[in-house]
Amino acid sequence: MEIEEKQPRSISEIVSIVEALIFVADEPITVKLLAEVLEEDKETVEAAIAELSGEYDRREGGLQLREIAGGWQISTRTEFHDEVRKFLKTRPNAKLSLAALETLAVIAYKQPATIPEILAIRGVQSASAIKTLLDKKLIVAKGRKETVGRPMQYGTSKDFLIQFGLRDLSELPSIEDFEDLVQ
Amino acid sequence: MEQAEQLSFDFDKVQPHFNTESPDDIKLTLGEFSGPLDLLLFLIKQERANIFDIPVAKITDEYLKYIRLMKSLDIALAADFIVMAATLIEIKSKMLLPREILAESEDEIEDPRQELIDRLLEHQKFKNAAEMLYERVTIEQAVFRRGQIETDANNTETNANVFDLLTVFQKILARHKEEVQLEIHREEISLAEMLKTLRKRIFEAKELNLLQFFAELHTRRELVTAFIAVLEIVRTESVKLTQSATFGAIVLRKI
């Protein structure tokens with residue numbers, strides 16, 4: 001309930017509030033959401049983020065500001081993972097198997113992809129790899145394809161972008177770039 | 001190879017290879033193949049062959065050798081590996097057949113290997129893409145975000161003050177009041193008492209039908225006590241247990 005007249009905020013004030021919001025958000029926070037909370041227009045928020053991002057880069061501190069899965073996020077810098085891990089007493093997560101990674105690559109580039117399409121590229125049944133990826137919430141079912149057998153289609157999830165540090169799917173290198181020939 | 005799905009791996013370390021010290025003695029270091037195309041790519045690399053000009057006969061031999069090895073190692077062979085073996089043999093046999101004489105130029109003769117080459121190239125791209133994803137996730141695992149902030153939404157023990165506690169306590173008290181109190185009296189009968197009763201009954205009537213005696217008792221506890229009393233009385237006093245027929249009545253009789 002704001003009774004008093006709203007004072008226009010200064011840019012530095014907006015930058016600070018943006019930083020505070022990015023810090024408390026559980027997931028990468030979008031410009032749209034920031035603009036709504038601040039009651040400022042998107043351009044102002046984007047300018048504030050650009051300013052903030054510059055500050056983080058210049059400071060070269062323990063934290064970094066990154067654009068992930070369509071939003072902004074504050075995280076530690078990779079350089080300090082040993083110390084952070086020691087403090088948190090965590091070990092790196094179990095890595096995905098080659099089969100699961102390959103399946104994920106096919107889905108990421110061909111989405112929405114069906115099991116027969118994945119089979120054609122991988123030359124192997126991928127049911128258990130798909131289950132693993134679904135369990136880890138890296139892929140999601142995207143309805144059925146209107147073709148023979150109506151196979152389920154799969155696409156990558158927001159978690160995929162977060163876990164692989166991607167702003168959006170367009171940040172993935174083009175599949176044609178991987179055409180290095182077998183010698 | 002579905003069963004290898006959950007294993008973690010390292011692109012640098014886990015590369016399968018044959019150790020061929022002597023041609024008859026092939027030692028196999030098993031790595032993880034994601035499928036038959038993967039195995040095929042590996043074998044082509046192993047032979048230092050050109051992917052556009054696959055020596056099909058040689059590669060087919062190697063492929064079959066590998067499959068036999070996997071069999072002897074008791075690895076459940078996925079059907080997909082067998083399908084690829086069949087495809088290879090098919091291509092090999094096609095290549096043995098004389099080329100179509102009717103074809104007018106070299107271009108029109110389709111290489112029986114073409115489809116396989118296309119699939120291998122396509123697979124190679126996605127294999128590289130998988131490697132890229134692997135690198136990305138490895139880097140990403142070195143990045144940490146702040147821990148969860150406690151909010152009412154993610155904390156099950158939400159804020160409660162003294163008055164909340166009091167309200168809950170009053171509710172509990174009210175519920176307690178409504179409850180009907182049922183008092184259950186336990187009838188205690190000791191072994192000594194039971195022995196006394198039993199002895200009296202036997203010595204008065206000279207004999208006692210056990211089934212009848214037990215039928216007079218009501219609770220499980222009494223029955224157990226009575227049973228022990230029977231055993232005790234037989235052991236200590238001049239009373240014996242008799243049964244006139246199989247499954248007949250058991251009678252306690254004074255000697």
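Biologist: What makes a residue of chain A count as buried, and what percentage of its 183 residues do so?

Modeller: The figure is 28% of the 183 residues. A residue is buried if 20 or more other C-beta atoms lie within 10 Å of its own, exposed if 12 or fewer, and partly exposed in between, with C-beta atoms placed from the backbone. This is a predicted model, in which local features need pLDDT of at least 70 and side-chain atom pairs count only at pLDDT 80 or more, while totals for chains, interfaces and linings use all residues. Residues are numbered from 1 along each chain as its sequence is written, and chains are lettered from A and ligands numbered from 1 in the order in which they are written.

Biologist: How many helices and strands does chain A have, and what makes a run count as one?

Modeller: Chain A has eight helices and five strands. From the N terminus the order is α-α-α-β-β-α-α-β-α-α-β-β-α.

Biologist: How many residues of chain B are in contact with chain A, and what makes a contact?

Modeller: The number is 43 residues of chain B, against 40 residues of chain A. Two residues are in contact if their C-beta atoms, placed from the backbone, lie within 7 Å. On the chain B side, helix 4 of chain B gives the largest share, 17 residues. By class, that side has 22 nonpolar, eight polar and 13 charged residues. Nonpolar covers Ala, Val, Leu, Ile, Met, Phe, Trp, Tyr, Cys and Pro; charged covers Asp, Glu, Lys and Arg; the others, Gly among them, are polar.

Biologist: Why are helix 5 of chain A and helix 4 of chain B called roughly perpendicular?

Modeller: Their axes cross at roughly 105 degrees and come within 8 Å. Axes are lines fitted to C-alpha atoms, for helices over the stretch in contact, and angles run from 0 to 180 degrees between N-to-C directions. Under 35 degrees is roughly parallel, over 145 roughly antiparallel, 65 to 115 roughly perpendicular and the rest oblique. The pair is therefore roughly perpendicular. Their contact has eleven nonpolar, no polar and two charged residues.

Biologist: What is the handedness of the crossing of helix 6 and helix 8 of chain B?

Modeller: The crossing is right-handed. A crossing is left-handed if the near helix is turned anticlockwise from the far one by less than a right angle, and right-handed if clockwise. The angle is about 65 degrees, with the axes 9 Å apart.

Key. Helix = DSSP H or I, 4+ residues; strand = E, 2+ residues; numbered from the N terminus.
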